[in-house]
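Please open the structure in your viewer and keep the selection panel at hand.

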Amino acid sequence: MVNLGPRKPPSRKGSMADVPKDLLHTISILEKKFTVDKEMLKKITDHFVEELRKGLSKEGGSIPMNVTWVMDWPTGKEKGAYLALDMGGTNFRVAEITLDGNRGFDVTQSKYLMPKNLKVGSKDDLFDYIADCVGKFLSSSHPGETIKNISLGFTFSYPCTQPAINRGILQTWTKGFDIDDVEGHDVAPMLESALRKKGLPISVTALINDTTGTLVASNYVDPQTKMGLIFGTGCNAAYYERFCNIPKLEGLLPNDQNISPNDYMAINCEWGAFDNEHKILPRTEWDISIDNESPRPGQQCFEKMISGYYLGEILRKVLCDLYDEETIFEGRNIESLRKPYSLDASFLSQIEEDPWENLTEVESLFLNKLGIFVTESERKLIRRLAELIGTRSARLSACGVAAIIKQIDMQSGHCGADGSVFNKYPHFKARMAEALSEIFEWSSKSYKSHPITVIPAEDGSGVGAALIAALTVNRIEQGKYIGQREV
Ligand code: BGC
């Protein structure tokens with residue numbers, strides 16, 4: 001069991017005693033803008049459930065609810081060696097996973113930084129780089145061998161329409177990626193042709209989302225896990241839905257498949273797109289300007305309020321505005337703060353982690369990273385602001401989790417979560433658990449005794465990708481449907 005920390009994240013309000021009135025006034029305005037109270041949590045959750053259902057309907061909605069063709073739960077008996085590639089955002093990872101047939105596994109892997117210029121470069125540069133990394137990995141792990149008969153699980157963590165399990169037509173780039181000629185196209189052949197060019201004739205057995213991988217990997221080691229969640233650079237969730245609740249699948253299955261309405265299909269929700277039509281989320285002026293200035297305005301509205309890619313940018317924008325209206329940093333040069341996306345989520349984490357009453361670590365952080373001297377009262381305002389941004393992220397995230405809990409009528413069990421915000425952002429887990437207990441009116445004092453807990457997941461894009469490849473090979477061998485393979 002994980003230690004979720006104290007029942008309530010510590011309140012630091014007491015330390016505001018010496019803060020001048022005008023700053024206290026600013027803080028209370030910020031508190032109003034960023035706080036999502038219990039009633040609002042419940043309203044957002046109910047609207048979220050409606051939107052999940054719309055996404056499953058024939059008409060569709062703004063949450064894509066992508067069908068993945070992962071139609072089996074892992075049994076624990078999956079066996080063999082698989083290659084897993086993970087392209088999710090900050091890093092690119094290549095791994096060889098050996099499943100031992102008894103809920104165990106072994107991983108050999110290499111991680112490569114995804115250079116920033118590749119995220120906005122050409123598609124050939126991107127896939128050639130990936131193929132290059134795969135080549136390096138294989139030549140060091142299998143020197144002198146020609147690898148072709150290995151099953152490949154390709155984790156591509158962006159919204160994709162999947163006509164079949166080994167295909168993925170990119171719907172839209174997210175997380176700051178912006179590469180021409182990929183949206184609207186199948187990425188599997190792009191990878192396969194880059195691999196072939198490097199003399200690696202390996203084809204994609206399964207193309208998966210990181211959340212689907214997380215769901216399957218976590219369920220493999222802990223069958224109580226019913227949801228796969230990512231709270232990292234981006235955010236998203238996957239769960240198994242019953243066929244009878246997926247009207248948009250009607251007519252897409254061959255008649256000879258004998259699928260019962262109670263059989264399951266894993267759904268990659270792509271919930272970052274929740275409320276793109278701005279019906280319910282309490283957006284601030286900073287959320288609106290982040291959206292307007294992003295490469296894809298009007299998309300990923302929910303993700304832009306909560307995921308790691310945007311948290312630092314929200315803080316930066318608020319600070320610049322407070323300077324421009326002469327509330328903070330008077331007479332100081334803040335040019336370093338003017339650069340978009342110059343602060344990341346770890347900057348907020350460090351602000352929230354400063355253990356000292358007078359916030360001397362925040363002082364050093366601003367001096368070292370930005371060359372800005374920050375007074376003690378300003379530091380207290382900044383800390384409160386970071387807390388507000390981080391808390392809002394965790395509480396809104398809880399609404400998505402709660403919506404799926406309601407949708408599948410989950411009474412107990414675990415949700416497996418991964419990602420830098422979930423794993424590293426201070427108090428995120430406790431804040432999310434607190435919000436869930438408000439939504440469901442769970443009364444127990446300790447998070448550990450809540451009926452449903454969000455716990456750290458197994459490695460979805462490695463072990464999960466391997467498992468899904470294994471399940472796919474199995475289906476193919478048994479002549480079972482894995483979607484429409486050729487166009
Ligand atoms: C992507 C999802 C992904 C999530 C977490 C989002 O931006 O659209 O596909 O699961 O980030 O990586």
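Which kind of contact do the side chains of Arg296 and Glu183 form? Select both residues in this predicted model: their side chains meet in a salt bridge, with an N to O distance of 2.9 Å.

Next, colour the chain by its domains. Select 14-61, 223-249 and 258-457 for domain 1, then 67-222 and 458-477 for domain 2. The C-alpha centres of the two domains lie 28 Å apart. The contact between them draws on 39 residues of domain 1 and 32 residues of domain 2.

Now consider the area hidden where the domains come together. Domain 1 and domain 2 bury about 2800 Å² between them, and 60% of this area is on carbon and sulfur atoms. Select Pro223, Tyr240 and Arg296 in domain 1: these residues lose the most area to domain 2, and together they account for 24% of what that side buries.

Two salt bridges are counted between domain 1 and domain 2. The count of residue pairs in polar contact between the domains is 13.

Finally, select the elements on the side of domain 1 that touches domain 2. Those giving two or more residues are the strands β9 (225-231), β10 (235-242), β11 (264-268), β12 (413-418) and β13 (452-456), together with the helix α8 (308-324). Of these, β9 gives the most, with six residues. Colour this side of domain 1 by residue type, and it divides into 22 nonpolar, eleven polar and six charged residues.

Key. Residues numbered from 1 in each chain as written. Predicted model: local features only at pLDDT ≥ 70, side-chain atom pairs only at ≥ 80, totals over all residues. Heavy atoms only, no water. Domains from an automatic or database assignment. Contact = heavy atoms within 4.5 Å. Buried area = accessible area lost by both parts, 1.4 Å probe. Salt bridge = Lys/Arg side-chain N within 4 Å of Asp/Glu carboxyl O. Polar contact = N/O pair within 3.5 Å; in protein donor to acceptor, adjacent residues only side chain to side chain. Helix = DSSP H or I, 4+ residues; strand = E, 2+ residues; numbered from the N terminus. Nonpolar A, V, L, I, M, F, W, Y, C, P; charged D, E, K, R; others polar.
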